[in-house]
Each structure stands twice: as C-alpha cells, then as structure tokens.
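Dear colleague,

I am handing over a structure for your records, and I would ask you to look through it before reading further. My notes on it come after the display.

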Amino acid sequence: MTAAPNPHLDTPLEFAYWVPNVSGGLVTSTIEQRTDWGFDYNTELARLAEHSGFSYALSQVRYASSYGAAQQHDPAAFSLGLLLATEKLKLIVAAHPGLWHPGILAKFGITADQLSGGRFAVNIVSGWFAGEFTGLGEPWLEHDERYRRTEEFIRILRGLWTGPNFTFRGDFYRINDFSLRPQPAEVPGRAHPEIFQGGNSTAARKLAGRVSDWYLSNGKDFEGFTEQVAEVRGYAEQNGHAVRFGLNGFAIVRDTEQEARALLREIIDKADTGAVEGFRESVRQAGQATGDGKGMWADSDFEDLVQYNDGFRTRLIGTPEQVADRIIEYKRRGANLILLGFLHYLEDLEHFGRTVIPIVREKERELAAEPIGALR
C-alpha cells in the first residue's frame, strides 16, 4: 500500500517509553525481567530517559490485579511524582472515561501542568477490561458507546483547558457555565496539554480524526501501520483537524540479529500461558465487538499477546542499525512518535538511547533531504 508522505519528515521523531508502574514488566513471561514497578526505580529510569533522548513517558493504567500485573500504582499520582523528579520529560497519564469525570481530570491536569512547567499530557482510554468497570459498580457500555463517551470527555477537557465559562450538553456529561482557574501552563505552540488516544476500530479512528492530538497505534507491521495512518489522516482532513501518530513497539537491540531474535524466542517460549490466555479472553470482546472486525487485538495471536500491546509486531528486533532502519521506514509512513517497552528497562533503555537514537538522527537528516514523493 502507498500513502502520502509524512508531512513531518523534517521534524525529529519523538521517543517515549511505557512506565513500568505495574508489576510483571512489559511481557507476560516468566523470563527474568530486571525491571521494577517501585517509585525509586522509576525515578532513576525517568531521569535516565530524559538524558537518553526520550521526551515522553506513558504511565499504564490497571485497577484490578490481572494477567501478570499483580500490583499497580495509580498512573496519575505516579506520574505527578515523576514530573516533580524530572526536568524535561513529559508524562502521559492514562485515564478512563467512566472512572474519571472529565472536569476532575482537567483540574488535576492543570495542577500537574503548572507544577511541572507544562509537561502534563493524557491518554484517554475508552476501555477493554469490563471487570474493572463492573467491579467498581460502573456500567460497561457497548463498544461504540464507549467511544461516544470518550469524544464528549475529550471535548470537555479541551473546553475547560482553553477558556472560561464553558458549557457542554452531551449524552454522558453536562458542564454548566464552568471555569477552571488557573488555566494550564503557557507553552509556546501548545493550546493545552496534549491529548493522546488509542484504539484500532473504525470508531476509534474517526474519533482521532475529529478531536485527538495524537493517535496511538498498537504494534503494527509496515502495511498495517500505513493503512491505519491513511484512514485516520483521511478522517482528520474531512474535519479540518490535524493529528499526529504514535506507534507501539517492543525493542530488543543486541550486537547481532541472531542474539536479538534468540531473546525474543526465549520470551515467547517462557510465556505465562495462563495469564496470556486470560488476557486474550478478556480482550476478545474489545477486539471482536465491532461490526467490521477492526477492533483492538481482533487479529492478535498468542505470540503477539505475550507483549500486551502487540509490540513484537513492529519488529524492532536486531542490531542498532537494523532497528534504526525500521524506525525510519515507519517515519516515512507517518510515525511522529515511537512508544517503547523493554525487557530490562535501565540497561535496555540506556543502550537504545546510546546506540539507536543517534543512528535515527543521522538517517533523519538524510531523509529530510530526499525529494517528496510516494513511499519506496
């Protein structure tokens, strides 16, 4: 499949990492993971990341012990702590409509944004785990209804973050001539804290094309990512809206391709089968509840789900040069941000920043000099 070139080819890619604020690491496997979910470890990791070329970190949201994540820290409180412990890193807080009220999240976000000098962002998660909602006594909505609620939620965040006396009348929320003071920190080129959103379904893609600043994709091969970008970009153009694209990947960077692939094989061979199967059953509804079969995880197999955001599919597996080449090709196809997980976070993130990112930067300079045209 071909697509229009990335209009941001002359803008450096952003790099982000998943904050390991839940136990069990980023793969559901019994392989050793020298990664810790505690705050001290994560503070060291965040400081390392911001000095290694990473500009964002995304805190995971889990409320119920499940599928290898036996312990969890709240992403909002955890992210605020990390914001106060760092100087440059932006923290993306994952939050569920239905479990947060948009006005309360907007107020929390303003305080976090003010305290951090404009480094707060949100990832609005429509939800895949019915048990978290029903266990907390909240209704579990049908798939497309969850996305309708999310759109109202995002529109309210935008409204409360950009001016006084905001009023909103929706099917899920009402805001009555309401103002939040202070407003978010003033950051050049930013109208309000950035709003990220994921999902693979048509409802998710159309939502991103209407209201979101960033669309986060689960792990995808080149063809799958290209198709996703083209469709979301098309919806955005219909709405006079601009959206940027992030792609999830799990990075295994080693001296040789053989070593990296052997480690991937070991991760999968040591998968926690019960946890992976339980996760697969839980997300089945999220992936297959859509009429067109485009939902999250709709076509994920067992090996994909060992990394629960399909990170292996992006195939960032190999030597630094091989991984950088693949990242550059994703940039050609529309990626503005690469969101990464690692096996041994401190060692692997530092190694990625030291070996892969400099190669990416050199290749970006070459890419920016190429004539604009169709994908190779």
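The notes below begin with the whole protein and then turn to selected regions.

The structure is a predicted model, in which local features need pLDDT of at least 70 and side-chain atom pairs count only at pLDDT 80 or more, while totals for chains, interfaces and linings use all residues. Residues are numbered from 1 along each chain as its sequence is written, and side-chain values use heavy atoms, with hydrogens and water left out.

**Overall form**

The protein contains 12 helices and 12 strands; helices (H or I, at least four residues) and strands (E, at least two) are DSSP runs numbered from the N terminus. Along the principal axes, the C-alpha trace spans about 60 × 50 × 45 Å. Of the 376 residues, 60% are buried (buried means under 20% relative accessible area, exposed over 50%, and partly exposed in between, with a 1.4 Å probe and protein chains only). Taking contacts (heavy atoms within 4.5 Å) between residues at least 6 apart in sequence, 76% join residues at least 24 apart.

**Helix 2**

Helix 2 covers residues 75-85, and its buried residues include Pro75, Phe78, Leu82 and Leu83. Among the elements that cover the buried residues of helix 2 are strand 1 (14-19), helix 1 (39-50) and helix 3 (102-116). At the start of this helix, a side-chain oxygen of Asp74 comes to within 3.1 Å of the backbone nitrogen of Ala76.

**Strand 8 and Ser217**

Strand 8 runs over residues 214-217 and includes Ser217. Trp214 and Leu216 point one way from the strand, Tyr215 and Ser217 point the other way, and all are buried. Strand 7 (residues 195-197) and strand 8 run parallel and are joined by 2 bridges; two strands pair if DSSP finds at least two bridges between them. Between them the chain passes through helix 6 (residues 202-210), and this β-α-β crossover is right-handed, in the sense that, with the strands pointing away from the viewer, the path from the first strand over the helix to the second runs clockwise. Strand 8 also pairs in the parallel sense with strand 9 (residues 244-250), over 4 bridges. With helix 7 (residues 222-238), these two strands make a right-handed β-α-β unit.

Ser217 counts as buried because its relative accessibility is 5%. Ser217 stands opposite Leu247 in strand 9. The side chains of Ser217 and Gln228 are joined by a polar contact of 2.6 Å (a pair of N or O atoms within 3.5 Å; within protein, one must be able to donate a hydrogen and the other to accept it, and residues adjacent in sequence count only if both atoms are side-chain atoms).

Strand 5 (residues 166-169) and strand 6 (residues 174-178) run antiparallel, joined by 3 bridges, and a hairpin connects them through 4 residues. Asp177 lies in strand 6 and has a positive phi, near 45°, although this residue is not glycine. In the loop between strand 6 and strand 7 lies Pro182, which a cis peptide bond joins to Arg181, with omega about 0°.

Yours sincerely
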